[in-house]
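Let's take a walk through this model together. Have the sequence and the 3D view open side by side as you read.

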Amino acid sequence: MTDGEVTALDLGRVLLHRNSTKGGRPSEFPLLGRKWDLLPGVFAPIYDVSTQLFTAWLPYPIGGSFLEIGCGAGVTAVTAALRGCARVTALDINDRAIENAIQNARRHGVAERVRVLRSNLFAEVPQGERFDCVFWNSSFIEASPNAALDALELAIFDPGYRTHAAFLNEVSAHSAPGGRIFLGFSDLGNGQLLKSLADQAHLELQTVRSFTARHPVTLTYQLLELIRT
Ligand SMILES: C[S@@+](CC[C@H](N)C(=O)[O-])C[C@H]1O[C@@H](n2cnc3c(N)ncnc32)[C@H](O)[C@@H]1O
């Protein structure tokens, strides 16, 4: 999975430290040719390349609807609107992420097309609403099922993969006929467990794009498409 004896949990802790305000981080960052606001306590898309890669790779449904689970600072959701999605819904369980995504939607002039909701996965999605594209850059490092985590930690770790299981079980009900579902993942995640959870949810995982970063460790990021079987 990783180089030498370094585990996914170790690398997750390093990423968490960088993300914490104690590590010192900017209130604004450049990414994908734009500048973005960054609030404390929100996943910072600058300490790993996941946000950049997945945001660049996603096939946005032009004129259609896009749902982002776990929007964080809002880079992907705002980019979806800027790339031509007619309706974007950005959800996060973290209150500060909601504030941050609203700020970035205003900053880039797309607030009227980006609805931002505080929601545990799909809980606050209006009944019966379905989307042409659903995406989550997931908290792909598996933590102990009993871990009690704060909002920032939940951006990186998923205790017992419960949120992954719920995402896989619930996502099809929110996907429009012919709609596409994507998960941003990496080999720091538990790929075997993800596959078995996907099987149970009648979803097949297909790697659409991948990129291997070599520093500071060798790590492959994957944009997975979830196909209904
Ligand atoms: C890896 S971060 C990605 C953030 C952002 N999309 C980005 O790429 O910069 C994962 C995000 O999922 C959110 N998240 C974790 N569990 C969630 C849940 N149950 N419901 C909604 N969002 C959740 C976290 O708060 C975090 O913002």
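N137 is buried: its relative accessible area is 15%, and buried here means under 20%. You will find N137 in strand 6, which covers residues 131–137. The side chain of N137 has a partner, making a polar contact with the side chain of S50 at 3.2 Å. Please keep in mind throughout that this is a predicted model.

From there, turn to F185, a residue of strand 9 (residues 175–186). F185 is buried as well, with a relative accessible area of 3%. Along the chain, F185 and S139 are 46 residues apart, yet 8.3 Å separates their C-alpha atoms.

Now for the ligand. Which residues come closest to the ligand? Of the 20 residues that surround it, the closest are T51, G70, D92, N120 and L121. By type, this shell is made up of eight nonpolar, 10 polar and two charged residues. Some of the individual distances are worth a look. A polar side-chain atom of D92 sits 2.6 Å from an oxygen atom of the ligand, while a polar side-chain atom of E68 is 2.9 Å from a ligand nitrogen atom. S119 takes part through its backbone, with an N or O atom 3.5 Å from a nitrogen atom of the ligand. Taken alone, the ligand would expose 590 Å², and the protein buries 97% of that.

L121 belongs to the loop between strand 5 (114–118) and strand 6, and it is buried, at 9% relative accessible area. Its phi is near 45°, a positive value in a residue other than glycine. Most residues other than glycine have a negative phi.

H202 also has a positive phi, near 60°. H202 lies in the loop between helix 6 (191–200) and strand 10 (203–213). Is H202 buried or exposed? With a relative accessibility of 53%, H202 counts as exposed, because the cut-off for that class is over 50%.

Let's finish with helix 1, residues 8–19. Within helix 1, the buried residues are A8, L11, G12, L15, L16 and N19. Seen down the helix axis, these buried residues fall within an arc of 145°, and therefore they line one face of helix 1.

Note on methods. Residues are numbered from 1 along each chain as its sequence is written. This is a predicted model: local features need pLDDT of at least 70, side-chain atom pairs count only at pLDDT 80 or more; totals for chains, interfaces and linings use all residues. Side-chain values use heavy atoms; hydrogens and water are left out. A residue is near a molecule or strand if one of its heavy atoms lies within 4 Å of it. A polar contact is a pair of N or O atoms within 3.5 Å; within protein, one must be able to donate a hydrogen and the other to accept it, and residues adjacent in sequence count only if both atoms are side-chain atoms. Accessible areas come from the Shrake-Rupley method with a 1.4 Å probe; for residues, only the protein chains shown count as cover. Ala, Val, Leu, Ile, Met, Phe, Trp, Tyr, Cys and Pro count as nonpolar, Asp, Glu, Lys and Arg as charged, and the others, Gly among them, as polar. Helices (H or I, at least four residues) and strands (E, at least two) are DSSP runs, numbered from the N terminus. The expected span of a helix is 1.5 Å times one less than its number of residues. Buried means under 20% relative accessible area, exposed over 50%, partly exposed in between (1.4 Å probe, protein chains only). The arc is that of the directions from the helix axis to the C-beta atoms.
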